[in-house]
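Subject: Handing over a structure, with notes

Dear colleague,

I am passing this structure on to you, together with my notes on what was found in it. Please look through the sequence and the model first, and then read on.

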Amino acid sequence: MSEEILQEEVQEETQTFKYIVYIQFDGSKKSYTFGSNTIYHVNNYVVVETVRGKELGKVCVPCQPYDESKIKGEIKPVIRLATKYDVIQKKENEEKAQEALVICQQCVDNLKLDMHLISSEYTLDRSKVIITYVSDDRVDFRQLLKDLAAQLHCRIELRQVGPRNKAKMIGGLGNCGMETCCSRFLSDFDTVSINMAKNQMLALNIAKLSGQCGKLMCCLRFENDEYTELKKDLPKINSQITYNGNKYRITSMNLFQKSAKLENKEETLFVSFKELWNEPEESKEEVVKENKKEKTKKEDKKEVSKEQKPHKTNKPKNKGKKHE
């Protein structure tokens with residue numbers, strides 16, 4: 001009974017915080033939530049307890065009153081305000097981390113492992129080193145851990161990351177000439193699909209649509225909602241339309257110049273939206289209705305063809321005499 005009471009008291013102590021502190025770490029634009037009973041100001045360096053161990057972080061947002069609805073999962077406490085010694089210790093850790101990366105690279109080369117090392121980082125108390133790497137296949141690094149432990153004399157964590165995280169950590173310039181979005185401001189990666197490129201009417205050239213990570217560029221997602229809104233009341237590509245008494249097919253549209261490309265067997269025209277739809281709502285509704293009529297006709301034909309097929313019926317065989 002006494003042990004259960006102590007556990008309940010410990011849980012209550014860990015959950016009773018007065019303030020929420022938002023903290024950023026070096027090399028990351030994402031802010032993490034921590035609990036505290038004292039107020040910390042913006043740009044203050046504090047020592048916090050994380051899953052990896054003790055780390056030095058910077059307060060990025062003014063402290064806010066504790067609210068459970070703003071917290072997901074377990075919240076860790078802020079230990080104390082950082083001192084000059086902590087800042088010096090962090091700089092020394094960065095130098096030691098570079099030395100550890102060189103040692104790790106030598107061990108990888110000796111063991112001939114298929115690993116591409118990216119970075120290494122010590123915790124504040126230098127009790128653990130985290131080494132990140134990229135690899136296409138699973139790596140058996142049991143011997144590597146033994147060799148590193150004999151030289152570094154601390155706990156070692158090998159962390160495998162994907163190509164997107166690698167591009168975020170290394171950085172670079174995108175096709176637009178600016179720094180890559182992932183290293184500049186993105187904190188989380190959203191899914192990007194090829195349907196977003198189709199929605200923006202782009203040529204499906206994977207080489208041109210891919211970023212430095214080899215995946216589809218994140219900016220496709222940024223602009224997808226805008227294209228969806230611009231195309232909201234417009235007819236679809238390959239829709240039939242009547243213009244100047246002739247029937248055409250809409251083969252492409254330029255949403256920013258507000259023009260459409262019309263084609264038939266005889267000619268090709270580039271016409272602005274204003275010329276096509278003087279009364280946009282009515283004319284667009286007519287095009288949509290025509291497309292719906294064509295779909296219903298096709299469905300009716302399918303149903304008629306099904307009805308025309310002979311159905312197999314199991315007729316009862318009357319072996320006895322007919323009933324009067």
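Predicted model: local features only at pLDDT ≥ 70, side-chain atom pairs only at ≥ 80, totals over all residues.

Residues are numbered from 1 along each chain as its sequence is written, and side-chain values use heavy atoms, with hydrogens and water left out.

The chain as a whole

The protein chain contains 10 helices and 12 strands, where helices (H or I, at least four residues) and strands (E, at least two) are DSSP runs numbered from the N terminus. Of its 324 residues, 31% count as buried; here buried means under 20% relative accessible area, exposed means over 50%, and partly exposed lies in between, with a 1.4 Å probe and protein chains only. The chain exposes about 23,600 Å², of which carbon and sulfur atoms supply 49%, the areas coming from the Shrake-Rupley method with a 1.4 Å probe. Among the contacts with a separation of 6 or more, 53% are between residues 24 or more positions apart.

Five strands close into a barrel in the order β1-β2-β5-β3-β4, with mixed pairing; two strands are taken to pair if DSSP finds at least two bridges between them. From one strand to the next the twist averages 55°, with axes being lines fitted to C-alpha atoms (for helices over the stretch in contact) and angles running from 0 to 180 degrees between N-to-C directions. The loop between β2 (31-36) and β3 holds asparagine 43, which has a positive phi of about 75° although it is not a glycine.

Helix α2 (residues 84-111) has 28 residues and reaches 41 Å from its first C-alpha to its last, close to the 40 Å expected at 1.5 Å a residue; the expected span is 1.5 Å times one less than the number of residues. Its buried residues include Asp86, Asn93, Leu101 and Cys104, and what covers the buried residues of α2 includes β3, β4 (54-65), β5, β6 (116-122), β7 (128-134) and α3 (142-152). Glutamine 89 also has its place in α2 and, because its relative accessibility is 11%, counts as buried. Leaving aside residues up to four places away in sequence, glutamine 89 touches Leu124 and Arg126.

Lysine 112 is found in the loop between α2 and β6, where this residue is exposed, with a relative accessible area of 76%. Lysine 112 has a positive phi of about 55° although it is not a glycine. As background, most residues other than glycine have a negative phi.

Helix α8

Which residues of α8 are buried? They are Leu220, Asn224 and Tyr227, and they cover an arc of only 80° around the axis, which puts them on the same side of α8; the arc is that of the directions from the helix axis to the C-beta atoms. On the other side of α8, Asp225 and Glu229 are exposed. The cover over the buried residues of α8 includes α6 (194-199) and α7 (206-209).

The open sheet

Four strands form an open sheet in the order β9-β10-β11-β12, with antiparallel pairing. Strands β9 and β12 (268-272) stand at the edges, each with a single partner strand, so one side of each is left without a neighbour in the sheet. The twist from one strand to the next averages 45°.

Strand β9 (residues 240-243) has a covered face, made of Ile241 and Tyr243, and an uncovered one, made of Gln240 and Thr242. Four bridges pair β9 with β10 (residues 246-254) in the antiparallel sense, and glutamine 240 stands opposite arginine 249 in β10. These two strands form a hairpin with two residues between them, and asparagine 244 in the turn has a positive phi of about 55°. Strand β10 is in turn joined by five bridges to β11 (residues 259-263), the two running antiparallel, and the bridge partner of serine 252 in β11 is lysine 261.

How values were computed:
Contact = heavy atoms within 4.5 Å.
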